[in-house]
Amino acid sequence: MKFYVTTAIDYINARPHIGHALEKIGADVAARYHRLCGDEVFFLTGTDEHSLNVQRQAEKEGLTPREYCERMIPAFTEAWAKLGISYDGFLRTTDPAHEAAVGLVFERLAKAGYLYQHDYEGLYCPSCENYYTEKDAPDFQCPLHKRPLERVKEKNLFFKLSAFQERLQKLIETAEFRIEPVIRRNEILSLLREGLQDVSFTRANLKWGVLSPVEPHQTIWIWPDALTNYISAIGYGSDEAKFRRWWPADVHIIGKDITRFHCTIWPAMLLALDLPLPKMIFAHGFISVDGEKMSKTRGTMIEPSQVLERYSADVLRYYLMREVSFTGDGDFSWARIEQRYNADLANDLGNLINRTLSMIGRYRDGVVPKPGGTDLQPDADKMTAAYRERMGELDFSFALEQLWTFVTRANRYVEESKPWALAKDQAQAARLDTVLYNLAESVRLISVLVTPFMPTMAAQIRAQLGTVDNVDVLSTEIAWGRLAPGTKIGQIAPLFPKRT
């Protein structure tokens with residue numbers, strides 16, 4: 001099967017913070033999980049470089065917009081490389097192929113009769129690149145950014161968004177067009193019931209962007225430009241075979257603040273182009289820092305690089321996916337990541353691996369013994385079923401909770417079985433073999449299931465266990481008993497050293 005997953009493309013007018021990392025890691029976990037399931041995956045991310053914000057920031061720094069973008073790009077690509085984000089495509093909206101696709105979209109929308117010229121006068125927020133009515137913002141401030149809105153008056157090309165209201169409402173209500181979590185779906189349905197208004201698709205006074213092929217003196221608004229990335233990156237207008245192979249997307253993973261664009265404007269554009277809709281829009285929540293909204297002035301803006309100075313990428317990946325529910329808001333704190341490191345990783349997982357391998361080394365000369373029973377298999381089977389169900393729903397926090405329940409069960413099994421006592425009685429040799437094998441097989445299974453979250457650490461676990469780091473498809477790997485008796489364990493070293 002194919003699996004096409006995308007993130008929102010990031011505004012490039014500021015460096016990435018841990019909120020960006022939350023989304024990229026979540027999408028990467030989904031991509032790695034589906035690869036583990038044997039699916040053919042295309043994982044897309046990128047940068048949104050055409051905006052009034054970029055133009056103004058570049059002017060402020062005495063640069064052209066393109067010079068500014070070139071300077072900012074490494075901040076994103078290097079951050080994602082350090083976090084192990086395994087994207088298959090990285091799209092920049094300044095890529096010529098993308099700009100050509102945006103022009104083609106505009107031409108086809110115009111030809112289909114969905115673009116028309118109209119005078120626009122209203123309120124505009126350059127920070128979120130969105131238009132607002134006085135009903136939306138009675139205090140003339142952006143509801144999201146809490147900054148004064150700018151009054152704009154110009155003649156633009158409008159998109160007939162209102163023409164798709166009833167059709168979109170029906171598609172969402174019947175779940176043919178799926179929006180998750182349910183709270184976001186209800187928000188969009190409420191918006192649709194209020195009625196959709198046609199929206200301006202061009203700007204008259206913006207120099208930095210894609211010129212409209214329909215009205216050459218106008219620049220295409222950032223949102224139809226940015227949204228087109230999901231199809232331009234897979235060959236729309238340039239590689240029909242590739243496009244048909246990957247579209248529609250299986251899931252667009254986005255922040256909850258941009259659902260309006262992805263759940264009304266984007267599907268309306270696709271319907272106007274006679275293209276299938278994405279199978280699902282998944283809107284994750286926001287992340288705060290010590291309970292406060294991230295802010296440079298308050299010192300609560302944290303970049304991934306700051307966390308990586310203290311912890312590995314796998315630790316940050318685990319923390320964000322375990323601590324922050326992907327369906328709601330969450331919080332980052334240095335105290336909580338330290339607690340998670342010590343409790344979950346060092347004490348629970350690290351201790352289980354170290355004790356298991358050390359006892360195999362001490363009592364069986366480093367060779368995995370042949371078992372006489374499958375003590376932990378029922379617990380393992382129950383856990384893997386729950387894990388797979390939650391992973392399929394992008395409920396990463398609960399999937400990890402299920403996995404750690406099994407880690408706890410395996411640690412308790414050590415205490416119940418007392419292998420150190422069994423080792424003193426030759427008559428209990430077979431029982432000791434069974435206990436040690438069950439623990440080793442548990443470690444193997446855990447190493448497989450933790451792979452999407454902590455890929456580097458998972459490989460290190462398998463290296464210490466002595467298994468080849470060549471994991472088969474998940475349906476095969478979750479079968480109990482895959483670890484071959486006679487396997488020679490590798491060199492043992494603490495995976496999560498206690499921090500002082």
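Contact here means heavy atoms within 4.5 Å. These legends describe a predicted model, in which local features need pLDDT of at least 70, side-chain atom pairs count only at pLDDT 80 or more, and totals for chains, interfaces and linings use all residues. Residues are numbered from 1 along each chain as its sequence is written, and side-chain values use heavy atoms, with hydrogens and water left out.

**View 1. W404 and the largest nonpolar core.** Start with W404, which is in contact with Y318, R322, D344, L345, D348, L349, V450 and M454, leaving aside its neighbours within four places in sequence. W404 is also listed with L320, M321 and M454 as the residues with the most contacts inside the largest nonpolar core, which has 101 residues. A nonpolar core is a set of buried Ala, Val, Leu, Ile, Met, Phe, Trp, Tyr and Cys residues joined through side-chain atoms within 4.5 Å. Buried means under 20% relative accessible area, exposed means over 50%, and partly exposed lies in between (1.4 Å probe, protein chains only). Which helix gives the most to this core? Helix 17 (residues 429–449) does, with eleven residues. Helices (H or I, at least four residues) and strands (E, at least two) are DSSP runs, numbered from the N terminus. A second, separate core has 62 residues, among them Y4, L104, Y120 and I231.

**View 2. Helix 14 beside helix 15.** Helix 14 (residues 377–392) packs with helix 15 (residues 396–417) at an angle of about 170 degrees, and their axes are 8 Å apart. Axes are lines fitted to C-alpha atoms, for helices over the stretch in contact, and angles run from 0 to 180 degrees between N-to-C directions. The two helices are therefore roughly antiparallel to each other. Angles under 35 degrees count as roughly parallel, over 145 as roughly antiparallel, 65 to 115 as roughly perpendicular and the rest as oblique. On the helix 14 side, look for D379, A380, M383, A386, Y387, R390 and M391; they meet F396, F398, A399, Q402, L403, F406 and R409 in helix 15. The residues of this contact divide into ten nonpolar, one polar and three charged. In this sorting, Ala, Val, Leu, Ile, Met, Phe, Trp, Tyr, Cys and Pro count as nonpolar, Asp, Glu, Lys and Arg as charged, and the others, Gly among them, as polar.

View 3. Helix 5 (residues 165–173) and helix 6 (residues 182–194) have axes 10 Å apart and pack at an angle of about 155 degrees. That makes helix 5 roughly antiparallel to helix 6. From helix 5, Q165, L168, Q169, I172 and E173 meet R185, I188, L189, L192 and R193 of helix 6. By class, this contact has five nonpolar, two polar and three charged residues. P181 sits in the loop between strand 8 (178–180) and helix 6. E180 and P181 are joined by a cis peptide bond, with omega about -5 degrees.

**View 4. Helix 18 and its packing partners.** Which residues of helix 18 (455–465) are buried? They are P455, M457, A458, I461, R462, Q464 and L465. These buried residues pack against helix 1 (18–36), helix 12 (313–323), helix 13 (334–364) and helix 17. Just after helix 18 comes G466, with a positive phi of about 90 degrees.

View 5. W247 and P248 are joined by a cis peptide bond, with omega about 10 degrees. P248 is in the loop between helix 9 (240–246) and strand 12 (251–255). D274 is not a glycine, yet has a positive phi of about 60 degrees. You will find D274 in the loop between helix 10 (259–272) and strand 13 (280–284), and at 70% relative accessibility it counts as exposed. D365, also not a glycine, has a positive phi of about 55 degrees. The loop between helix 13 and helix 14 holds D365, which is exposed with a relative accessible area of 62%.

View 6. Not counting residues up to four places away in sequence, H34 touches F3, D39 and V41. P485 lies in the segment after helix 19 (474–477) and counts as partly exposed at 43% relative accessibility. P485 and V368 are 117 residues apart in sequence, but 5.2 Å apart in space, C-alpha to C-alpha. With residues up to four places away in sequence again left out, P485 touches V368, P369, K370, P371 and Y437.
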